[in-house]
Amino acid sequence: MREAKLSYYIGQLHRDFTVFCGEELRKKGLSVGLMYFILYVCVHPGCTPAQITRDLELDRAYVLRSIHKLVEDGFFKRLPHPTDGRATLLYATEKGDEIFELSHELLWQWDSKKLSSITEAECEQLFMLLNKIQKKGR
C-alpha cells in the first residue's frame, strides 16, 4: 500500500526543481515561471500571446503580464502581426536566447541528477507512465 500520493511526489519534485533552477535564474532577473515562456518563444519564434495561452493552458492575464515583464526586461521583442493589427508576434532577443541556453543546461543537469539512480529501462518506463498519466487528465 502506498503511503504517499502522486501529488505529494509531484509537489516535492516541483519544489526541488524550483530551488535548483531558481538561484541561477534569479541572477539573471528571472523566475522559474518566466523561464517557461522563454523556452516556448525560443522554440516557437513569432508566436502570439494567444498561442502561448492556449498551448501552455495558462490564464490570459497571467500570460500578458509575464510577456510584458519579459519585454520590459529585454528578453523578448514584440513586432506587429503583418495581417492582424490586433496581434503581436513575439521573438527572443539575444538576452532571451542566452536564457534559453541556460535553461536547457539547467533542465539537463536536474534531469541527470534525479535520474542517475535508475536504469535506462526504468527511465523509459517512468516517462511512459508519466506521459500516460498526463494525457489521462485531458
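How far is the sulfur of Cys123 from the closest cysteine sulfur, and which residue holds that one? The distance is 17 Å, and the partner is Cys21. That is too far for a bond. Keep in mind that this is a predicted model.

Let's stay with the cysteines. Cys42 has its closest cysteine sulfur in Cys47, 9.5 Å away. That is again too far for a bond, because a disulfide needs the two sulfur atoms within 2.5 Å. The disulfide count for this model is zero.

Are these two cysteines buried or exposed? Cys123 is buried, at 12% relative accessible area. Cys42 is buried as well, with a relative accessibility of 17%. Both values fall under the 20% cut-off, so both residues get that label.

Next, helix α5. This helix covers residues 94–115. I'll take two of its residues, Ser103 and Trp110.

Ser103 first. Its relative accessibility is 0%, so Ser103 counts as buried. What does Ser103 touch, leaving aside residues up to four places away in sequence? Met35 and Leu39.

Now Trp110, also in α5. Trp110 is buried too, at 12% relative accessibility. Leave out residues up to four places away in sequence, and Trp110 touches Leu13, Asp16, Phe17 and Phe20. Look at Phe20 in particular. Phe20 and Trp110 are 90 residues apart along the chain. In the fold, their C-alpha atoms are separated by 7.3 Å.

Last topic: a helix pair. Helix α3 runs over residues 49–56, and helix α4 over residues 60–72. At what angle do they pack? About 125 degrees, with the axes 9 Å apart.

Which residues make the contact? From α3, you have Pro49, Ile52 and Thr53. From α4, they meet Arg60, Val63, Leu64 and Ile67. By class, the contact has five nonpolar residues, one polar and one charged.

To recap. No disulfides in this model.

Technical notes. Residues are numbered from 1 along each chain as its sequence is written. This is a predicted model: local features need pLDDT of at least 70, side-chain atom pairs count only at pLDDT 80 or more; totals for chains, interfaces and linings use all residues. Side-chain values use heavy atoms; hydrogens and water are left out. Buried means under 20% relative accessible area, exposed over 50%, partly exposed in between (1.4 Å probe, protein chains only). Helices (H or I, at least four residues) and strands (E, at least two) are DSSP runs, numbered from the N terminus. Contact means heavy atoms within 4.5 Å. Axes are lines fitted to C-alpha atoms, for helices over the stretch in contact, and angles run from 0 to 180 degrees between N-to-C directions. Ala, Val, Leu, Ile, Met, Phe, Trp, Tyr, Cys and Pro count as nonpolar, Asp, Glu, Lys and Arg as charged, and the others, Gly among them, as polar.
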